[in-house]
Amino acid sequence: MISMIMVLNQKGDIMISRQYRDDVGRAAADSFRLQVVAAKETGTEAPVKRIENCSFLYTRHLNMYFVALTRSNVNPALVIEYLFQLIRILKAYLGEEFDETAMRNNMTLIYELMDETMDFGYPQNCAVDVLRLYINLGTAKEKVEQEPSQLTSQITGAIDWRREGIRHKKNEVYIDVLESVNLLLSTTGSVLRNEVTGAVQMNTKLTGMPECKFGLNDKLVIDKEKEDRKPGVEIDDCTFHRCVRLGKFDADRTITFIPPDGEFELMRYRVTDNINLPFRIIPAVQEEPSLTKVSINLKVIANFSDQLFATHVVIKIPVPKNTSKAKIKNSFGRSKYEPEQQAIVWRVKRFAGKAECIINAEVDLMLTVRPKPWVRPPIVCEFQVPMFTASGVHVRFLRVYDKSGYHTNRWVRYITKAGNYQVRF
């Protein structure tokens, strides 16, 4: 596995080095300094370099290089992930923008962190919450006293993201289902790209070590149970927080976990079929033969329920570069020509569901010596729709099991916003 970890400054000088195996020495830093630092390869080449039968895997933070050295055939994704985790841990102790001075002033702390997070070249415990419990030299120190037996079980056990003895006056769980809609329509109205990427974020305030079971309207689960009459949603590309028991999910698609205390992201997913688009945009553009005027008509229809509304709606309608002025009429909202964006920007604070809105613009163009055809960029739409999911995903249940059997309040919120929502015209 990993033979050595080095931290170098922008000149290539070693600031900190920790040797885990004796097959690599500090002299290897000279090769890295000459072939990577001096050659200024960072950002242009792959972060893996093979020099003199030794592999260098590296990443940067500000003006410092975090380098892992090995002579064995390691998994590069594992090594790069460890370097990222090491930087994340140092940010927790030294601050988000820690620099070379902060590193030199906290040598003892850093060496202790490097010893705890790696043993004989194998990454070990990289959880900041657990490291805080027994490494108390940095700013991440918390006044938490635990029995040695509890501390040992957290360090060596499987549940390192939650400590025992947590108590709350009110047991509550807040669930946010956040979706981002990506759409690209061609000039003929055919769909070139249409997908939804979503995330389930949770904020748990639960006493003890509860086990939670979480359910979505996943099509595979609903077809198996045959209880819900409503059709399910085909959910693809699921990624989970490490607290989720993947074995149970692979077996019966149930999401079972012991949650961390506080805010965390439970899962991410993607949906590509049967997407309910929040807005339908119908553009019409007419260019005069004299190349002095362009007429733009745009109709926007809200497809969601009339009991809902969209907020922060911004529609950017591109215009030619040689635009001199624009006369705009719209049914509601505010619109104006913004030269710095080369577009007519239409802003609506509150867009009701099932509403239709029309904007008409007469754009005057300046004559140019060498007229060029107008390459029309796509219309871009930004929005946010509370309590609406474009994919149709919704939370079916959240069950909390604890020895004491306390009552849990559950709160669910849905928010859909625009990702890359574009319409060519």
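This is a predicted model: local features need pLDDT of at least 70, side-chain atom pairs count only at pLDDT 80 or more; totals for chains, interfaces and linings use all residues.
Two residues are in contact here when heavy atoms of theirs lie within 4.5 Å of each other.

**The cores**

Leaving out neighbours up to four places away in sequence, phenylalanine 279 is in contact with Val300, Ile301, Ala302, Asn303, Phe304, Ala310, Val313, Phe351, Phe383 and Tyr421. Phe279 also belongs to the largest nonpolar core, which has 41 residues. Together with Ile315, Phe351 and Tyr421, Phe279 is among those with the most contacts inside that core. Several strands each supply at least two residues of this core, including S8 (172-185), S14 (279-287), S15 (293-302), S20 (356-365) and S23 (409-423).

**An open sheet**

Where do S14 and S15 sit in a sheet? They belong to an open sheet of 4 strands, in the order S14-S15-S20-S17, with antiparallel pairing. Strands S14 and S17 (323-330) are at the edges with a single partner strand each, so one side of each has no neighbour in the sheet. From one strand to the next, the twist averages 15 degrees. S14 and S15 are joined in the antiparallel sense over 9 bridges, and alanine 284 stands opposite asparagine 297 in S15.

**Two residues to look at**

Aspartate 364 is found in strand S20, while cysteine 238 is found in strand S11 (residues 236-240).

| Residue | In contact with |
|---|---|
| Aspartate 364 | Thr292, Lys293, Asn322, Thr323, Ser324 and Lys325 |
| Cysteine 238 | Phe249, Met267, Arg268 and Tyr269 |

Which side chain of opposite charge is nearest to aspartate 364, and how far away is it? The nearest is lysine 325, at 4.1 Å. A salt bridge needs a side-chain nitrogen of Lys or Arg within 4 Å of a carboxyl oxygen of Asp or Glu, and aspartate 364, though buried, has no salt bridge.

Cysteine 238 and threonine 272 are 34 residues apart in sequence, and their C-alpha atoms are 13 Å apart in space.

Methods. Residues are numbered from 1 along each chain as its sequence is written. Side-chain values use heavy atoms; hydrogens and water are left out. A nonpolar core is a set of buried Ala, Val, Leu, Ile, Met, Phe, Trp, Tyr and Cys residues joined through side-chain atoms within 4.5 Å. Buried means under 20% relative accessible area, exposed over 50%, partly exposed in between (1.4 Å probe, protein chains only). Two strands pair if DSSP finds at least two bridges between them. Axes are lines fitted to C-alpha atoms, for helices over the stretch in contact, and angles run from 0 to 180 degrees between N-to-C directions. Lys and Arg count as positive and Asp and Glu as negative; His and the chain ends are not counted.
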